[in-house]
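Me: Hey, can you walk me through this one? I'm new to it and would like to go bit by bit.
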Amino acid sequence: MSEGPSVKVGVLGATGTVGQRFITLLANHRWFVLHALGASPRSAGKPYKVATNWKQATRIPAAAQDLIVNECKPEFFSECAVIFSGLDADVAGDIEEAFRAADLAVFSNAKNYRRDPLVPLIVPYVNPNHLAILPQQQAAHAPALKRGFIVTNANCSTTGVVIPLSALEKAFGPIESLLVTTMQAISGAGYPGVPALDIMDNIVPHIGGEEEKMEWEMLKILGGIPKGDDGARAFDMHAKTPLRISASCNRVPVIDGHTACVSLRFARRPLPSPQQVREALASFTCDAQTLGCPSAPSKIISVHEEPDRPQPRLDRYYQDGAGVSVGRIRQCQVLDIKFVVLANNVSIGAATSSIINAELAVLKGVIPN
């Protein structure tokens with residue numbers, strides 16, 4: 001698929017920070033064509049360049065500047081094959097359900113449906129096979145859906161950590177214990193975000209609900225979706241080899257880029273050496289690359305040999321933030337292996353994941369083109 005299809009897409013929450021990132025990434029996409037934008041009623045009816053308070057480092061893309069913003073109602077998006085949702089969680093639930101009920105395919109960055117037993121929670125480099133649950137999701141709807149569904153991507157802190165974990169499980173078998181401490185950028189709190197007097201010259205050792213999300217989401221993502229005796233699939237939450245996870249999440253005075261210190265224990269023996277771990281991470285490939293997703297990076301995991309990398313300021317924009325960077329891989333004296341991982345929370349941790357999830361859905365025939 002050299003040129004690829006031409007797919008009309010819409011963006012919900014288009015004036016917010018996640019919506020703006022969607023628009024930045026979609027403006028020159030090889031397949032996806034910006035066709036409709038949705039936001040709150042106060043923005044509806046205005047050209048996008050007037051409706052939005054643009055906070056990206058680049059100019060508003062020409063493809064979006066003069067598009068008229070609509071309310072987030074399905075009738076304004078009926079010509080779109082894909083809907084990207086950058087809505088805040090306090091409004092996303094009902095709106096996304098209305099779009100699914102209108103038989104539209106929704107790829108959501110919001111948390112509302114991540115725990116739904118029929119909604120896949122997908123990190124595109126890890127578990128695109130979970131798209132297989134979608135026919136059950138469609139059949140369970142009344143009336144049954146032909147094209148409509150909801151796919152969610154993970155929390156930004158979860159995404160950066162689970163990618164190297166998946167690579168290590170693929171190479172060395174199940175992980176049974178995991179300790180992770182995050183240092184999360186202020187952009188993860190949205191705009192206007194954390195008050196300056198709280199974050200300048202400071203670290204805030206609490207992010208509401210973040211630790212619980214990480215501990216639960218990784219189980220769903222790394223687990224399987226086996227068929228039961230009745231032929232129905234269900235997420236097994238890594239049940240074959242129970243995985244214990246302890247997360248500690250901190251907000252730090254960095255604009256973009258979530259850093260995490262990870263220590264883990266494998267279920268199998270003998271253990272891989274740190275060098276074997278480096279090689280497994282550096283050589284990791286996935287469906288998004290082999291199938292030809294246009295937004296997938298050439299390297300999913302970039303491994304650093306320098307003792308002081310990765311660093312947010314130096315590494316967060318490598319490959320436009322679509323991969324992750326790992327460094328300081330070494331033996332752990334308490335568990336087995338420890339390392340540091342950096343992920344761009346506003347790219348692979350948010351909009352980029354949703355876009356590659358949709359690309360995978362097109363390539364796998366989930367979305368007709």
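**Starting at a proline**

Reply: Let's begin with proline 312, which is buried at a relative accessible area of 18%, where buried means under 20%, exposed means over 50% and partly exposed is in between, using a 1.4 Å probe and protein chains only. This is a predicted model, in which local features need pLDDT of at least 70, side-chain atom pairs count only at pLDDT 80 or more, and totals for chains, interfaces and linings use all residues. Residues are numbered from 1 along each chain as its sequence is written, and side-chain values use heavy atoms, with hydrogens and water left out.

Me: Which helix is proline 312 in?
Reply: Proline 312 sits in helix H11. Helices here are DSSP runs of H or I with at least four residues, strands are runs of E with at least two, and both are numbered from the N terminus.

Me: And what is proline 312 in contact with, leaving aside neighbours within four places in sequence?
Reply: Its partners are Val254, Asp256, Gly257, Thr259 and Leu342; contact means heavy atoms within 4.5 Å.

Me: How far apart are the C-alpha atoms of proline 312 and glycine 148?
Reply: They are separated by 38 Å, and the two residues are 164 residues apart along the chain.

Me: OK, where is tyrosine 317?
Reply: Tyrosine 317 is in the loop between helix H11 (312-315) and strand S11 (324-331). Setting aside neighbours within four places in sequence, tyrosine 317 is in contact with Asp256 and Asn344. Its C-alpha atom is 9.2 Å from that of alanine 343, a residue 26 places away along the chain.

Me: What about the phi of glutamine 319?
Reply: Glutamine 319 lies in the loop between H11 and S11, and its phi is near 55°, a positive value in a residue other than glycine. Most residues other than glycine have a negative phi, and most peptide bonds are trans.

Me: Where is aspartate 201, and is it buried or exposed?
Reply: Aspartate 201 belongs to the loop between H7 and H8. It is exposed, with a relative accessible area of 81%. Phi is positive for aspartate 201 too, near 60°.

Me: You mentioned peptide bonds. Which residues does a cis peptide bond join?
Reply: One joins tyrosine 191 and proline 192, with omega about 5°. Another joins arginine 309 and proline 310, with omega about 10°. Proline 192 is in the loop between S7 and helix H7 (196-199), while proline 310 is in the loop between strand S10 (301-303) and H11.

Me: Switching to helices: at what angle do H6 and H8 pack?
Reply: Helix H6 (residues 156-172) and helix H8 (residues 210-222) pack at about 35°, with axes 10 Å apart. The axes are lines fitted to C-alpha atoms, for helices over the stretch in contact, and angles run from 0 to 180 degrees between N-to-C directions.

Me: Which residues meet there?
Reply: From H6 they include Val161, Leu165 and Glu169, and from H8 they include Glu210, Met214 and Ile221. The residues of this contact divide into 8 nonpolar, 3 polar and 4 charged. In that count, Ala, Val, Leu, Ile, Met, Phe, Trp, Tyr, Cys and Pro are nonpolar, Asp, Glu, Lys and Arg are charged, and the others, Gly among them, are polar.

Me: How many disulfides are there?
Reply: The count is 0 disulfides, a disulfide being a pair of cysteine sulfur atoms within 2.5 Å.

Me: What does cysteine 249 have to do with glutamine 184?
Reply: They are in contact. Glutamine 184 lies in strand S7 (residues 175-184) and is buried, with a relative accessible area of 0%.

Me: Last topic: how many residues are in the largest nonpolar core?
Reply: There are 50, and Tyr125, Ile163, Leu165, Val262, Leu264 and Phe339 touch the most other members. A nonpolar core is a set of buried Ala, Val, Leu, Ile, Met, Phe, Trp, Tyr and Cys residues joined through side-chain atoms within 4.5 Å. H6 gives the largest share of this core, 7 residues. Apart from it lies another core, of 34 residues, among them Ala39, Val82, Ala105 and Val362.
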